Amino acid sequence: MKHWFQRIFVALIVLGAILGSLLGTRGLKQAAISTRDLYRVDTAGSQMESDLEYETQESRRAFLYALAVTDPNDQLPYVAAARGASQRVGETLNRLRGLKVPEITRNVEDFEHTWNKYDQARDDIMALILEGNAAAALVVESKKGQPAFARALGSLHALKGGLEVRARADSLRVNATLERSIGGLAAFVLSTLLILGLLIKANRSRRQALEALHATNADLAAAKELERERASILEMVSTRAALSRTLEQIVEMASRRDQEAGAAIWAGSAGEAQLQTAANLPQELAEALKLHPPPSSGLAPAGLEEFSRHSRKLAAAFAFEASPPKELREASGERMGMLQMFGPMGRAIEWQPILDQMAQLASVAIENSLLYERLAFQAQHDTLTGLPNRLLFQDRVQQASRAAQRHGKKVAVIWLDLDKYKQINDTLGHRVGDEVLCEVARRLQGCLRQSDSVARVGGDEFTVLAQDLAQPQDAERVAATILATFALPFQLAAHQATLGASLGISIFPEHGEDPLTLLRNADLAMYSAKRAGGGTFRMFRSALSDSMQRRVLLERELKTALERNELHLEYQPLLDRNGKLDAVEALLRWNNPEAGQVSPAEFIPIAEETGLIPSIGEWVTRSACRSAARWLQLGYDVPLVAVNVSALQFADGKFTELVERILLECGLPPSQLELEITETALMDNLVGVVEQIELLRQLGVRFAIDDFGTGYSSLSHLQNLPVDCVKIDRSFIKDLEPGAQGCTTMVRGIIALAHNLGLRVVAEGVETAHQLALLNTLGCDINQGYFLHRPMSAEALEELLQAKRPLAELAKDLPESELIPSASPA
Amino acid sequence: MIAALLAAPMPHYAADPAGGFAAVVHQSNPTHNLRFGDMLSMFEGASRGWANGSRVVLVERDAGSAPFRYLMGHLLNTTPGEYKRSLQNIEYRGDLPVSIKVLNSDAAACQFVFNVPSAIAIVEAGSLGSRACSGIQVLRIDGKLPGEEGYRLK
């Protein structure tokens, strides 16, 4: 808007200038014309009138001279002069007439007329004079000549008056036109001045704009250079150049901003800050600053004040002036460094912009360096205890092995596993468990030599590297020392408790030449100590069996099987005598990359021994219930889903709550869940288990005795067990072959007894048509086995259910040769 | 005037100029052609008026000049003394004196004739081309102008 107003203003001024110039020019032109007229007419006319006056007088004078003398030879010149003057009068009159001034035309004519009259009279008189008739001449002169001359003079005066009037009028006109033109000229001059002013202002603005542009260009160039330097420094940071070198670059960059300025940067936190770089400073001052670390980390201003005061004092000794110290802090507020600039004393340096720029870059560099150090530390250390982790430990074992090889020494790797740590963790919580681990770490570090190393390689597993051993027995002394540290009780929350440990030892080079072998063998030896009851150590022996190694492997792998999603369920249908689906049993499968497909018979006992069974059992129950609920929602007719449970799952007394919560979560009616428990488990903890079974049965959950007939219970106990179903162990069914009368009698007895107690009977491991037919003859209610269905995935079962094909038909279609017995489900 | 004319020394005259002489009068003089005898009569003082009645004023050159000698020797066939006495006789007879103006150059003579309407002068024909003689009338003598065949003033 302002821009448009300016344009309109300028346009008005220019218009005013044009109009003023036109008016002024016109006025000047008129004035010039009037002046020219004044000169041409009035001045020229006045001159001519003056000439006329002179010539008339001259003519008269010559005439009178001619009258005065007597000799014709003397008279004639005067006569000629008089006539010449008269002739000039005539010529002047002609010129005056040529001016064509109307106002004096009449005066000119009058004068000409009177002058001609006089001329005539004078010629007559001159003729008389020349004739020598002087008397007559005098008479004529007095009568005619003189009056005629007087009249001519009168006419001449009238002519002169006319010219004066005309001159005055012209003068007035010139004045008027000049006055008129002054206004126009004044407007023109004013407008011109304004335009000049605007031009000057515009020129000044343009110059200022150009200067600003030049300044901006300079700023841009400086900013570009700064950005390039910043990019270079950030590249150094990203490529993990040495921190001191990066900080030197930053200080050099600041020095380029002010060549006389130097700087010092300290990096490090919590009182560990060290001078990283001191550039562009006298060597002595840099050395002095090195001995002057910043105060310990914190926000207290007192320390900073003291530091600043001391810096200034140091700088002053070298005729330098110190800037206020600039703290470099992490995002968390923790100080990670300090920055200070120095410049020659007495020179006013604007510290703050340079300090801010340097601080920003230095913070990035130091924070990145610290972060990298932390990441590197975390990658190689245990976060809880701060001990090296397995990776770093392996590296140290490698280095120690090489050194031992060079010096002919031995190295021991000791694997330590806490006894009953899991119980502490489960009963007192993870926090207490973590405290125990930290205390163990401290005790291990405290009892070892400086050259030895301790690492935490698992939950409650530690490893120790003992170097520079002369013989294997030295390692046993180390192990004994370690065990001795466990003699003192541990403070667990409000209680004190003793904690044991099992240790396994492997020796380089006897038991392995690489870290992995040494660690594995130490682990095996530890397992051996654990099998021996714990609280002791064992040296690795090559006689340790492969089965033990597999056991160790499975135990280690099983701990993380759930996390790694290695467990899954398969379902095996249970059919009644009519081939109708009665239930599906959920069967746990474990597929481990190292151990391969592991049988439940192999890993379930390990899970029970290592205390993993509650978490695995919970996962199985939840997964099976979720599948059953899905089938229910899809409208499939799956009356029951059977899940195997371990007696250990009842140990904490919370199994009932767990099952109830899972059923609620999944939305499965309790009556559609059947829990299978082994006869042995029931017998071991009969009272506690039975109470929880009773509670669950009250909810509607069904129970079955699994593997019935293999345990030690007497048949008389069967009537006291709170179950709904008896599953005859596959070993009885396997023998149901023609001629095997004993087994048939046993099975018949179990079936009869169960039926008498009102229990359903399931035959497991039905693998042949003969077995099926015989079981049907014996009155077995439900059959389960490969002859009917192999275990299958949930998806395969869903397809089967979707086809609505009689489930028994599949089995009947199978040729006899394919009915191969395989590994039993859990 | 006559005395001054007569008292002037008489120079020895050279031969007549080849161009001859001319009789000149005022431009306004109505007489344009003059008989030779009438012209001599005017210079002798016998005829003293023009046709318009105005009195003849004789203009003669000074005594040593060619026109004067031509007048004396060829036209009037007399001497300056004789001529003087004949003019004085006219005054003695009681007649009006002959008006004679003696001028010392042809230019002055012409100028005089220019200013006096009744004047007649004899000047050298060669002087007629001068500026002084431009505004006057050259008389035909017996119908002839100077330079024409049969012109008698040569």
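Two residues are in contact if their C-beta atoms, placed from the backbone, lie within 7 Å. By that criterion, among contacts in chain B between residues at least 6 apart in sequence, 67% join residues at least 24 apart. The structure is a predicted model, in which local features need pLDDT of at least 70 and side-chain atom pairs count only at pLDDT 80 or more, whereas totals for chains, interfaces and linings use all residues. Residues are numbered from 1 along each chain as its sequence is written, and chains are lettered from A and ligands numbered from 1 in the order in which they are written.

Chain B contains 5 helices and 7 strands, where helices (H or I, at least four residues) and strands (E, at least two) are DSSP runs numbered from the N terminus. Read from the N terminus, the order of elements in chain B is α-β-β-α-β-α-α-β-α-β-β-β. Of the 154 residues in chain B, 36% are buried; a residue is buried if 20 or more other C-beta atoms lie within 10 Å of its own, exposed if 12 or fewer, and partly exposed in between, with C-beta atoms placed from the backbone.

The sheet of chain B may be taken next. In chain B, 5 strands form an open sheet with mixed pairing, in the order β4-β3-β5-β1-β6; two strands pair if DSSP finds at least two bridges between them. β4 and β6 (136-138) of chain B are the edge strands, each pairing on one side only. From one strand to the next, the twist averages 30°. Strand β3 (residues 57-61) of chain B runs parallel to β4(B) and is joined to β4(B) by 5 bridges, with B:Leu103 in β4(B) as the bridge partner of B:Arg61. β3(B) also pairs with β5(B) in the parallel sense, over 3 bridges, and here B:Val57 has B:Ala119 as its bridge partner in β5(B). Strand β1 (residues 21-26) of chain B, by contrast, runs antiparallel to β5(B), with 5 bridges joining the two; B:Phe21 stands opposite B:Glu124 in β5(B). Strand β5 (residues 119-124) of chain B is mostly covered, as 6 of its 6 residues are buried. In a regular strand the side chains alternate between the two faces of the sheet.

The contact between the chains takes 10 residues from chain A and 11 residues from chain B. On the side of chain B that touches chain A, β4 (99-103) and α5 (106-115) of chain B each supply at least two residues, and α5(B) gives the most, with 4 residues. The residues on this side of chain B comprise 6 nonpolar, 4 polar and 1 charged; Ala, Val, Leu, Ile, Met, Phe, Trp, Tyr, Cys and Pro count as nonpolar, Asp, Glu, Lys and Arg as charged, and the others, Gly among them, as polar.

Two helix pairs in chain A illustrate its packing. The axes of helix α5 (residues 243-257) of chain A and helix α8 (residues 351-380) of chain A come within 10 Å and cross at roughly 170°. Axes are lines fitted to C-alpha atoms, for helices over the stretch in contact, and angles run from 0 to 180 degrees between N-to-C directions. α5(A) and α8(A) are therefore roughly antiparallel to each other, given that angles under 35 degrees count as roughly parallel, over 145 as roughly antiparallel, 65 to 115 as roughly perpendicular and the rest as oblique. Residues making this contact include A:Leu247 and A:Ile250 of α5(A) and A:Met358 and A:Leu361 of α8(A). By class, the contact of α5(A) with α8(A) has 10 nonpolar, 2 polar and 1 charged residues.

Helix α11 (residues 430-447) of chain A and helix α12 (residues 472-485) of chain A pack at an angle of about 135°, their axes lying 10 Å apart. α11(A) and α12(A) are therefore oblique to each other. In this pair, A:Arg443, A:Leu444 and A:Cys447 of α11(A) meet A:Thr481, A:Ile482 and A:Thr485 of α12(A), a contact of 3 nonpolar, 2 polar and 1 charged residues.

Some backbone features remain. Most residues other than glycine have a negative phi, and most peptide bonds are trans. A:Phe508 and A:Pro509 are joined by a cis peptide bond, with omega about 10°; A:Pro509 is placed in the loop between β11 (501-508) and α13 (515-531) of chain A. A:Ala319, although not a glycine, has a positive phi of about 60°, and A:Ala319 counts as exposed because it has 11 C-beta neighbours inside 10 Å.
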